[in-house]
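Work through the two exercises below with the sequence and the structure in view, and try each task before reading its solution.

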Amino acid sequence: MIPFFVTAFVAFLFYLVLVVGSGSVLFWSTEEITAGVIIGLVTGILCRKIFCKSEDYRMLNPVRLIQIIFYLCGPFLVELTKANFDVAYRVITGRIRPGIIRLRSGMKSPLAMTMLAHSITLTPGTLSVDVDEKTHDLFIHVIHLDEGVEKKEALEAKEVFSYMDIPKWIRRIAE
Amino acid sequence: MIADTLILIFLAIGLVFNALGVIGLLRFPDVYTRLHASTKATTFGSIFLFLGVVVFAISQYLGTSDSQYLMVITHTIIAMFALAITNAAGSHAIARAAHRNGQKPQQAVVDKLAEAGL
């Protein structure tokens, strides 16, 4: 029963976001709100097993959701900007020294692993290629390795980011 | 007036980064480095294009107070998140498939994934 209500509520909220500005009850018209309720119920019936697969509702905590927004607007944006200027420099000069290295993620839950892998792909000159399911290690392709890094057995997750402690943020949000 | 200037600046930055992504796609030697160019540069460039749209919609909303421009803003922001997430997931899938298929990273100084033999 809980998965059904959670899915229906999230679908309803998402529908409201999509049709914002349609009428005069706050921002919505009564027709759109009625349609949202019906669509939310149908979605809840159909998708409750997919959406709440892990039966773990900690991501419904509003504090975590607000932290995601802060994370995206703060540390993530800084790293994204820096990574893009780095890639722009590599594109123009062609100075690359690529390699695939092992990265100890230190994350336990699948959601945190996903967030870390996505953040790694979008940020600092690195691209996640594969994941070791047993040890939760990530294999990442780095576009420019510094001298000597390739001799190390594995890197810690925060060593690939330059300014911000991204793994700490992700651990705080998703674990 | 300020809105017009801001839109132009955002569009220019976005187009520059998207163009750099295309140049990198043509210039880099193998699939992994090309993915670097195509994911990072296009995501960042597209974020600026989206910001241009958001600024346009806000200025129109303040000028006309027509509530349909709110919908433009929310749809643009949702599209931005969808693009960032699918871009990262898609590039990960392509890189993993390429490595399983036996594509070796060219000019690579180290390949720990081949050593691990997963």
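**Exercise 1.** Describe the contact between chain A and chain B, beginning with a salt bridge.

*Solution.* B:Arg100 forms a salt bridge with A:Asp130, their closest N and O atoms lying 3.6 Å apart, where a salt bridge is a side-chain nitrogen of Lys or Arg within 4 Å of a carboxyl oxygen of Asp or Glu. Between chain A and chain B the count is 2 salt bridges. On the side of chain A that touches chain B, two or more residues each come from α1 (2–18), α4 (75–93), β1 (99–104), α5 (110–122), β2 (126–132) and β3 (137–142); helices (H or I, at least four residues) and strands (E, at least two) are DSSP runs, numbered from the N terminus. The largest share of that side, 11 residues, is given by α4(A). The contact (heavy atoms within 4.5 Å) takes 47 residues from chain A and 47 residues from chain B.

The model is predicted, with local features needing pLDDT of at least 70 and side-chain atom pairs pLDDT 80 or more, while totals for chains, interfaces and linings use all residues. Residues are numbered from 1 along each chain as its sequence is written, chains are lettered from A in the order in which they are written, and side-chain values use heavy atoms, without hydrogens and water.

**Exercise 2.** Is A:Leu46 buried or exposed?

*Solution.* First locate A:Leu46, which belongs to helix α2 (residues 30–51) of chain A. Its relative accessibility is 65%, and therefore A:Leu46 counts as exposed, given that buried means under 20% relative accessible area, exposed over 50%, and partly exposed in between (1.4 Å probe, protein chains only).
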